[in-house]
Amino acid sequence: MLLEMKNIAVNYGKINAIRDISISVPTGKIVTIIGGNGAGKTTTLRAMSGMMPITSGEILFEGKRIDHLPAHKVVANGIAHVPEGRRVFPDMTVEENLRTGAFLRNDKEGVETDLEGVFHRFPRLRERRTQLAKTMSGGEQQMLAIGRALMSKPRLLLMDEPSMGLAPVIVEEIAQIVEEINEQGLSVVLVEQNAELALELADYAYVLETGNAALEGPANELHDNEHVRAAYLGI
């Protein structure tokens, strides 16, 4: 198993944000976490990436505990996080943003090769490499955020609401990018409020409700689950 969260709890002060959550991410798979607002999806991702300290439980990546590590050490171990809202550096150029993703790497030639790979995957980023990030559309900024994460050369990519606020045609493009990245061997944890999209993309799914893992199973089976269809698919 690539990543395992075992009985994780996270508190915001006295508020219990997630309780006793266990999630497994197999190598080479897409695992999605769906649920309503305030269910604990973003908190779960932030715990995985070291951005949020856990209260109890343990997180293992490739068999080694990482829950005690600061976020930059988690990145160095092979986990990259594309945060909700994209969070690109607005007053830096596209290329400068991408290079920040490789700040922990020492292989200069490899960085240049991967930069060229990102430009090949996202031609619009090549066209706008000297443009300030804040002048780009939401879809372009999302591509930039994904490209920046890929520059760290991760083995696991965490994606928080990549379709949020984007036009349907751009959502389809982002979905295709997620599939292509996964087909090339990168494991993905996808947090999405667009449950239909998430369950189409994923191999396995977890449903969070008020900080608890209420359901889990193969994504295609959860897609046909009556509760999921009623609560999250509007069927």
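**View 1. Helix 1 and the glycine that follows it.** Of the 8 residues of helix 1 (residues 41–48), 6 are buried, so the helix is largely enclosed by the rest of the structure; buried here means under 20% relative accessible area, against over 50% for exposed and values in between for partly exposed, with a 1.4 Å probe and protein chains only. The model is predicted, so that local features need pLDDT of at least 70 and side-chain atom pairs count only at pLDDT 80 or more, whereas totals for chains, interfaces and linings use all residues. Residues are numbered from 1 along each chain as its sequence is written, and side-chain values use heavy atoms, with hydrogens and water left out. The buried residues of helix 1 are Lys41, Thr43, Thr44, Leu45, Ala47 and Met48. Gly50 follows helix 1 and has a positive phi, near 80°. Helices (H or I, at least four residues) and strands (E, at least two) are DSSP runs numbered from the N terminus.

**View 2. Strand 7 and its two neighbours.** Strand 7 (residues 156–160) is mostly covered, with 5 of its 5 residues buried. Leu156, Leu158 and Asp160 point one way from the strand, while Leu157 and Met159 point the other way, and all are buried. Strand 7 pairs in the parallel sense with strand 6 (residues 79–82) over 4 bridges, where two strands count as paired if DSSP finds at least two bridges between them; in this pairing Val82 stands opposite Met159. Strand 8 (residues 187–191) also pairs with strand 7 in the parallel sense, over 5 bridges, and Val189 in strand 8 is the bridge partner of Leu158. From strand 7 the chain crosses through helix 7 (residues 168–183) to strand 8 in a right-handed β-α-β crossover, a term for a path that runs clockwise from the first strand over the helix to the second when the strands point away from the viewer.

View 3. The 6 strands of an open sheet follow the order 6-7-8-3-9-10, and their pairing is mixed. Strand 6 and strand 10 (212–218) are the edge strands, each pairing on one side only. On average, neighbouring strands of this sheet are turned by 15° against each other, direction ignored; axes are lines fitted to C-alpha atoms, for helices over the stretch in contact, and angles run from 0 to 180 degrees between N-to-C directions. Within the sheet, strand 3 (residues 30–34) and strand 9 (residues 204–209) run parallel and are joined by 4 bridges, with Ile34 opposite Val207 in strand 9. Helix 6 (residues 138–150) packs on the sheet, touching strand 6 and strand 7, and its direction makes about 170° with that of strand 6; contact means heavy atoms within 4.5 Å.

**View 4. Loop residues on either side of strand 7.** Lys153, in the loop between helix 6 and strand 7, has a phi near 60°, a positive value in a residue other than glycine. Glu161, in the loop between strand 7 and helix 7, likewise is not a glycine and has a positive phi of about 55°. Glu161 counts as buried because its relative accessibility is 6%.

**View 5. The largest cavity.** A search of the whole structure finds 1 cavity of 30 Å³ or more, and the largest cavity has a volume of about 40 Å³. On a 1 Å grid over the protein atoms alone, a cavity is a set of points where a 1.4 Å probe fits but cannot get out, a pocket is an open set with protein on both sides within 12 Å along at least five of seven lines, and lining residues have an atom within 4 Å of a point. Grid points are joined across faces, edges and corners, and a volume is the space filled by probe spheres set on the points. The lining of the largest cavity consists of Pro162, Ser163, Val171, Ile174, Ala175, Val178, Leu190, Leu197 and Leu201. Helix 7 and helix 8 (195–201) each supply at least two of the lining residues, and helix 7 gives the largest share, 4 residues.

**View 6. The largest pocket.** The largest pocket holds about 450 Å³ of space. It is lined by 18 residues, of which Met51, Val75, His81, Pro83 and Arg148 are the closest to its centre. Helix 2 (71–77), strand 6 and helix 6 each supply at least two residues of this lining.

**View 7. The surroundings of His223.** His223 lies in helix 9 (residues 219–223) and counts as buried because its relative accessibility is 19%. Not counting residues up to four places away in sequence, His223 touches Glu196, Leu199, Arg229 and Leu233.
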